[in-house]
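Please look over the sequence and the model below before reading on.

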Amino acid sequence: MLYSTPMFLIGLSPDIVYHSLLATEPNPEAAPLVLAGVLVSLVFIYLASKLGGELSQLANLPPVLGELVGGVIVGVSALHLLVFPETGAVAGDSVVVTILQQIAGLSPESSSEVFASFSEVVSVLAELGVIILLFEIGLESDLRELQKVGSRAAIVAVVGVVVPFVAGTAGLMLIFGMPTIPAVFAGAALTATSIGITSKVLSELGQLKSTEGQIIVGAAVIDDVLGIIVLAVVASLAKTGEVDVTNLIYLIISATAFLLGSIFLGKFFNKSFVAIAEKLQTRGNLVIPALTFAFSMAFLANVIHLEAILGAFAAGLVLDETDKRKELDQQILPIADILVPIFFVSVGARVDLSVLNPTSAVNRQGLVIAAFLIVVAIIGKVITGWAVFGKEKVNRLAIGIGMIPRGEVGLVFAGIGAASGVLDKPLQAAIIIMVILTTFIAPPLLRFAFQGEEEADKADLATANNQ
């Protein structure tokens, strides 16, 4: 997923790329200003991240939503504090460049190359952020919990992946006439479920250990696994630009084999990892070997034509089984706190909401696509509750609603799709709106579903007592 060529040059001819790279290579005089541009950009990113996250927390919403909205505000849609060449922005659009010109003496002649260079550095940091995020998600995806909820959670997860993916992809191609690759990518974005958001709400409601809660969390974990495989497949397809059935089968088999093989071999690796960590005496004796393993797995996934994030996720699943898991979780958190917000804010900053302006006739199809994605995203997950089998009475509506929020996982799809050039601006904005809306509505709807169950139980009890 990391590119040696700047992401905004992907898809251009080799000659154009070569000359563009020469044009964007900073001269010695401009080189220090590239670092200055990165530092100013990080200041804006962290301010947007914390302010947005804190406001979301006050509103009892997931902080990741605040980071995303903060990115939209500082990005191309509003303040232009953080803009990127791949969105069509030029040096004159960047507030950072203006600051460097007025304070650091950046000359107009060097502005374009400095802008391209520090933007690429920020993009690479965002890529590292998503690798750390998937490693962290892998660490949180407890495989032992999956065994407790068993086949019911698996069926809920499979239905929750297949239905929205098929409905979304087919709808975009048949109704809107969208090309195959963008439609497949958008359909894949509909498959995600945010385990973090759902778990938080279930915990607040005291339902985390209930049957419904266990099914939801187990299905969300399986969704993560299936979603990462789907993402690895569609992202790899995006690189070739065409759907080759043989290649598709290869990617699915290789992604599944890579993940399952990593987990299997991890059982033998775990003891060696713990032994190495315990023998090291200097600082970072646990987290440095863990990151070395994660980056090695990410590299290995890349060289066999999968996505680096799949390797990072597999590394997290493997290390989740070690005795050092809890300690490692705590040590990864500050690293994630530094890098992951760069990814989320950058995703928001790249979203041009002007393409959804209803006053423009050209933009109306984007709004219709957004509405379509939202409907499929909600219905495609709600019906999963009715996939639960067994004689035990369960709250099917609560299970379905619990699978709705896309959260950070949906944003990963949007970010990678935009970086690879698969998603145009209207479709990217439509996916972002879908992610935001499903994440916003799920917590109150889940509370409503469980409250309705409690009221029904009280009514049944009252009826039984009267009899």
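What follows is a short briefing, grouped by topic, on a few places in this structure. The model is predicted, and the points below should be read with that in mind.

**Nonpolar cores**

- The largest nonpolar core holds 123 residues, and those that touch the most other members are F118, L134, F135, L172, L373 and I431.
- Helix α5 supplies the largest share of this core, with 13 residues.
- In soluble globular proteins, nonpolar side chains tend to be buried together.
- When neighbours within four places in sequence are set aside, L172 is in contact with G177, M178, A183, A186, I369, F372 and L373.

- A pair of aromatic rings is described by the distance of the centres and the angle of the planes.
- The count of aromatic pairs comes to 3.
- In one of them, the rings of F115 and F118 have centres 5.8 Å apart and planes at 75°, and because edge-to-face pairs are those with planes over 60 degrees apart, this pair is edge-to-face.
- Both F115 and F118 belong to helix α5, which spans residues 108-140, and they are 3 residues apart, about one turn of the helix.
- F115 has a relative accessible area of 3% and F118 has one of 2%, so each of them counts as buried, the cut-off being under 20%.

**A charge over a ring**

- R350 lies over the face of F84, at 3.8 Å from the ring centre.

**Two residues in loops**

- V351 is found in the loop that runs between α13 (325-350) and α14 (364-382), and with a relative accessible area of 1% this residue is buried.
- Leaving aside neighbours within four places in sequence, V351 is in contact with V76, S77, Q428, A429 and I432.
- Although V351 and A429 are 78 residues apart along the chain, their C-alpha atoms are separated by 5.8 Å.
- H80 is found in the loop between α3 (63-74) and α4 (95-103), and at 23% relative accessibility H80 counts as partly exposed.
- Most residues other than glycine have a negative phi.
- The phi of H80, by contrast, is near 60°, a positive value in a residue other than glycine.

Conventions: Residues numbered from 1 in each chain as written. Predicted model: local features only at pLDDT ≥ 70, side-chain atom pairs only at ≥ 80, totals over all residues. Heavy atoms only, no water. Helix = DSSP H or I, 4+ residues; strand = E, 2+ residues; numbered from the N terminus. Buried < 20%, exposed > 50% of the residue type's maximum accessible area, 1.4 Å probe, protein only. Contact = heavy atoms within 4.5 Å. Phe/Tyr/Trp six-rings, centres within 6.5 Å; stacked < 30°, edge-to-face > 60°. Lys NZ or Arg CZ within 6 Å of the ring centre and 35° of its normal. Core = buried A, V, L, I, M, F, W, Y, C linked by side-chain atoms within 4.5 Å.
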